[in-house]
Each structure stands twice: as C-alpha cells, then as structure tokens.
Amino acid sequence: KASVARTRLAFQSGSLEDAVLHARDAVATDPSPSNKLLLARALISRHRPFLRNAPANLPTETRSAIEEASNLIDSLVDTPQANDALALGLLALTTDPALCRKWAQRAWQTQSVTNPALLPAASWRIASGEMMRGDGITKLRFAFAGSPLPQRAALAEWLMTQGEAQIVLDTISARDAAQHPAAFIAYTKALARQGDWDKLISSAHEGASVPEPVRLIAVAYAAKETRKSGMAEKATLDALKAAADTSLLGPTLIATEGLGLDDLVDEGIIAMCAAAAIAGPAFAAARQRFERTGRREKLEFAFDNARKISPAAESVADYARYVDLLAGRAVDRAATAAAIESNKNNPALRITHALALLKNGQPEDAFRVFDDFTLFFDALSPSAQAVVTAIWGAKGDVAGAADLARRVDTRKISPDELALISVYLDGRSGNAD
C-alpha cells in the first residue's frame, strides 16, 4: 500500500521515473492485477512522448518498457482489470499492430458501454479488415442504445473518427449537446462536417452546461466559415477572456490556432496581461506561447504589461528572475528554490532555479533540480532547451550538450539564451528542423 501511495504521489508531482520505481516495488511486494496495471500505466506515461516514433527509431529503454508493459497487459486479460488494461494497450502501444489486433479481438468479446476498451477495439478491428465498418457501427449503436449521455457522447466522438456525421446527429440531439461538453463537441463537429453553420452557432448559444470558452470557439469557427469576420474575432477574444484564470486558457489558445487569427489572439493575450485579476495566468500562457513561436518582442510587451500591474504574480516574478539571471544580474537562490516548493509541478520555476545554480557555478546541483521531476527535452520551449543544454555541458557531458544543442531552434531564443549554448553549436546560426 505504501508503494502504491508513493506511485500515485509521484504521478501527481510529475516524477515519472519515481512512479515507475515505486510501481515496480508495489508489484514485487504484491503482484496483484491492480498493481501490475499501475506499473503498466507508469511505464507508458514515462515513455509516452517516444511511443509516436517508428519502431526502428525507438530508444532502447523505450523498447524495453513497451515489451514489459505489453507483457503486463497480456497477463491481465483474464482478470477483473482486463478491459482497463486492454484499453491502455490499444490507446498507447500502437507500435505493434499484430499485438493490438489480438487485444482488440479479446476486448470485442465484451460489448458493453462500461468496457473502456470497446471503442478502441472497434477501431483496430475495422482498420485491420477483420470487421466491416458498417457491421461494427451497427453493433456499437445497438450496444449503446439507451445508455446515459456520457457513454453516448463517447460513441459520438468515436463515430466522428469514422466520418459518420449523420449518425452522430441521430445519436446526440441538440438538447443532449447543451448538457454535456463531450456531446457538444461531437455534435458541433458533425454539424461542421455537414456545413450547417447557422445551426452550429445556434447550438453554441444554447449550451448552458458547456464551458463558455468551448462554446465561443465553436462560434468563432462557424463565423469564420460563413465569412462573418467580426463575429469570429469577437467570439475568439471573448473565449480568451472567459478562459482566463481557468485550466481552459491553454487549451483555448491551442484551439484558436486554426482560425487564422494569430495576431488578434496575440494582442488579446498581451492585453490580458495588463488586467490585475488575471495577469499571472495570462502572462504564463503568453510566455509559453511566445517562447515556443519565437515572438520575442511580443513576449516583452506581455511582460511589461504584467510587471506593471502584478509584479508579485508567480509567473511574472519567475520571469523577472529568469531575465535577470540571463543578463548576469544577481538573483536570490533562496527565492528561486522557494518558488519550486510553492508549485512543484511548474517546470518554468525549476528551469529558473537550475539556471540560478548554473550561474553560481553549481552545475551538478542544477542538474539535480530535475531529480524528482521528469522533463521531456523535445516538449520544452527552445528557451528552456537552451538552459538544459547549458547545464548538461557544464556538468561535463560536452558531447551530450552538443547533441542537445543541435535540437534547439536558435532562431526562437534570445541572444542571452544563445550565449548559454553557443560553445556547443559549432558556428551554426539556426535550426530549420
């Protein structure tokens, strides 16, 4: 029980390496089906960014993890955890189609809406040619008939992956869509597929139980398609404001990317940084957006706004310390360490503290900042990648640092960040990959 609790705590804190270690301890102590499933989840979470690679390009450690997780899932097919295990495998371990087909055959035997592996199994059986798409859809519609709305919404989402917009509209009514976010998304996607933009806009205005940013983004896309540019722009900005200071701000920003309104969105998030009530989360989102895209001037506009109105906000104070460190100015390392303790799941805070230690001539200590937090290099912004690369080289692995430096898009980082890694770049001025 202690190992299971430590595993879950490691998941929550972002330390996936520790999650694997503790889950392995749990299985060694008690090889129960639930503990084996926990270890499989930990292994897949730890290696998830690499699972999209072609099998030939997988790191050796990831191949071993896939094999171990696959064996764990296979060992659970005759246990109460079978369907949960099969769903995990079918959704995550896609590098072995033959194995997925085998799991899909097993999952398809339980045609119940409570089976989380049923829809992934249908996808694999159809894709492999073992089941005709029409037959599979007919059986699923029968299985889900009369089921509660969340289950029908899941079916509708799956039907959209099969291009069945009309069946979605037969499965989810306008009233259903107004009552459940997943149902709303599937319903509006179906309307969009059929080009019924006016009905989509009407539905978005009626979905009182659906988060406002979700409804407004739907309106923005419909308005764009009907060339109502004013409506699209207003709905986009209103969606950002509605999402401010909520967990939906990041997803809302991502959702705007297909609208062709990047400059408007940039202006909107910069303006939000000047509002005291939301400056902190707005600047955190702005920093992430502008660092990833290399729009450094806009990042500075956002920072100026946020620093004037809310200098003590976590994201604002952290970036102020980060900029000071890059410029060679002294920063209180106790403050950067305390910032991590206040929010251990924020990688930006760890990057800043690690940079503070690096600048103080403590590269090994800087490297240990990430001992209890799993970083995926390619998931970081170019700015954060530059800091990690500099730490890697400073602790003695020059060849490793040079390899990392080749993966940094130097066109998107500041001169001070470039200076951190210039020694490892062999005169290269940019990265087009």
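**View 1. Aromatic pairs in the predicted model.** A search of the whole structure finds six aromatic pairs. Rings of Phe, Tyr and Trp (its six-membered ring) pair if their centres lie within 6.5 Å; planes under 30 degrees apart count as stacked, over 60 as edge-to-face and the rest as tilted. The pair of Tyr 319 and Tyr 322 is stacked, because the ring centres are 6.0 Å apart and the planes are at 25°. This is a predicted model, in which local features need pLDDT of at least 70 and side-chain atom pairs count only at pLDDT 80 or more, while totals for chains, interfaces and linings use all residues. Residues are numbered from 1 along each chain as its sequence is written, and side-chain values use heavy atoms, with hydrogens and water left out.

**View 2. Tyr 319 and Tyr 322 in helix H20.** Helix H20 covers residues 314-326, and the two tyrosines, three residues apart in it, are separated by about one helical turn. Helices (H or I, at least four residues) and strands (E, at least two) are DSSP runs, numbered from the N terminus. Both Tyr 319 and Tyr 322 are buried, a term for under 20% relative accessible area, with exposed over 50% and partly exposed in between (1.4 Å probe, protein chains only).

**View 3. Helix H7 and its surroundings.** Helix H7 (residues 118-127) is largely enclosed by the rest of the structure, because eight of its 10 residues are buried. Among the buried residues of H7 are Leu 118, Leu 119, Trp 124 and Arg 125. The buried residues of H7 pack against helix H5 (82-92), helix H6 (97-107), helix H8 (133-144) and helix H9 (149-161); contact means heavy atoms within 4.5 Å. Gly 129, with a positive phi near 85°, follows H7.

**View 4. The chain around these sites.** The chain has 26 helices and zero strands. Its C-alpha trace spans about 65 × 60 × 40 Å along the principal axes. Of the 433 residues, 48% count as buried. Among contacts in the chain with a separation of 6 or more, 56% are between residues 24 or more positions apart.
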